[in-house]
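Please look over the charged pairs in this model. My notes are below.

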Amino acid sequence: MNFAFTADQLLFRDTVRDFLAAECTPADVRTLAAGEGRSAARWGKLAELGLTGLTVPEAQGGLGLTLVDLVLIAEEAGRAALPEPLIDQIGIVVPLLARFTHRPEVAAVLEGIAAGTVTVAVGHPADPYVADAADADWLLLGRDDALHLVPRGKVTLTQEVSVDPLRHIAAVAWAPDNTTLLGEGLDDLLDHGALCASAQALGLAQAMVELAADYARTRSQFGKPIGSFQAVKHHLASVQVAIEFAKAPVYKAAFSLAQGLPRAARDIAHGRIAAIDAAAAAARTAIQVFGAMGYTYEVDLHFFMKRAWALAGVWGDRHFHVSRLQHLVLSDDAPTGADATFGPK
């Protein structure tokens with residue numbers, strides 16, 4: 001069996017990487033952080049590329065791709081510290097709304113998402129705040145194991161401050177009713193959110209290692225680049241190993257969730273822990289390489305570091321997923337053995 005991504009999936013990833021390298025540079029991120037924090041022009045270009053409709057069903061004008069295709073794009077969004085809520089939309093909102101396309105209002109929302117003209121913020125009861133709620137047309141919210149699609153006009157927002165200056169968060173007050181109710185799916189909401197945060201964490205970790213490595217090649221001490229010293233390069237190499245080891249669990253989680261496998265929750269918890277640890281190690285090591293300057297506003301590293309910290313605390317933090325994984329693997333009724341690990345179901 002071939003577990004590798006296809007040539008088309010890798011080509012799409014490379015295309016998105018090149019686009020974001022040109023359209024979402026650290027200088028662009030810095031400019032947005034000092035302003036409104038979002039670029040309407042870039043959002044339009046993302047829509048032109050078809051990224052806003054990546055996972056939207058073809059019947060609603062999208063490309064109809066899966067979470068396995070999305071996970072690589074989410075990784076690239078993290079690598080660029082993309083401020084716009086693209087991944088929340090196509091990785092969390094769309095897969096869940098796609099279950100309710102028989103309802104005309106949901107189908108219309110999906111068509112708008114694919115066209116880039118409609119935005120939907122998403123929140124889980126486990127998280128106190130919702131990102132990008134103020135700019136959204138709709139909110140996908142959970143309450144009592146059910147999903148609700150709520151118009152922006154039916155919620156009250158209280159803006160809060162995130163550690164990530166480009167993450168706009170707000171507390172949301174709202175009241176569910178029969179007009180907003182979609183159906184069950186609260187656990188799936190958490191799983192999709194955790195997967196998307198994990199994939200972005202991989203990209204953020206990689207970006208931090210590359211920033212630190214570039215600095216280590218040019219910063220000299222004792223007449224040599226500091227990257228030539230084992231105390232620096234071995235730490236960076238260890239982080240790179242952690243990133244590479246975290247990729248497989250995250251990719252497997254995307255496959256399991258896309259296929260609706262019973263082991264998806266276990267795989268997502270595994271990938272989430274590995275990605276959080278890799279991103280935390282990358283941030284910690286990069287700060288040391290920069291001699292603590294990386295923590296300051298003058299160095300671009302802090303944008304990636306703060307995004308990683310912010311994402312580590314949403315859709316279930318490390319403690320939550322460790323507890324979840326422990327239950328799924330070690331409880332008396334946990335499925336064990338080769339069939340449970342490698343079997344089709």
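Predicted model: local features only at pLDDT ≥ 70, side-chain atom pairs only at ≥ 80, totals over all residues.

1. Residues are numbered from 1 along each chain as its sequence is written, and side-chain values use heavy atoms, with hydrogens and water left out.

2. The whole structure holds 18 salt bridges (a side-chain nitrogen of Lys or Arg within 4 Å of a carboxyl oxygen of Asp or Glu). Arg30 and Asp300 form one of them, at 2.9 Å from N to O. Arg30 lies in helix H2 and Asp300 in the loop between helix H9 and helix H10, so the pair ties together parts 270 residues apart in sequence. Helices are DSSP runs of at least four residues, strands of at least two, numbered from the N terminus.

3. Asp191 pairs with Arg324 in a salt bridge, with the closest N and O atoms 2.7 Å apart. Helix H7 holds Asp191 and helix H11 holds Arg324, so parts 133 residues apart in sequence are tied together. Both Asp191 and Arg324 are buried (under 20% relative accessible area; exposed is over 50%, partly exposed in between; 1.4 Å probe, protein chains only).

4. Asp277 and Arg318 meet in a salt bridge at 2.6 Å, N to O. Asp277 is in helix H9 and Arg318 in helix H11, 41 residues apart. Asp277 is partly exposed at 31%, and Arg318 is partly exposed at 38%.

5. Where does Glu184 sit? Glu184 is in strand E7, residues 181–184. At 65% relative accessibility, Glu184 is exposed.
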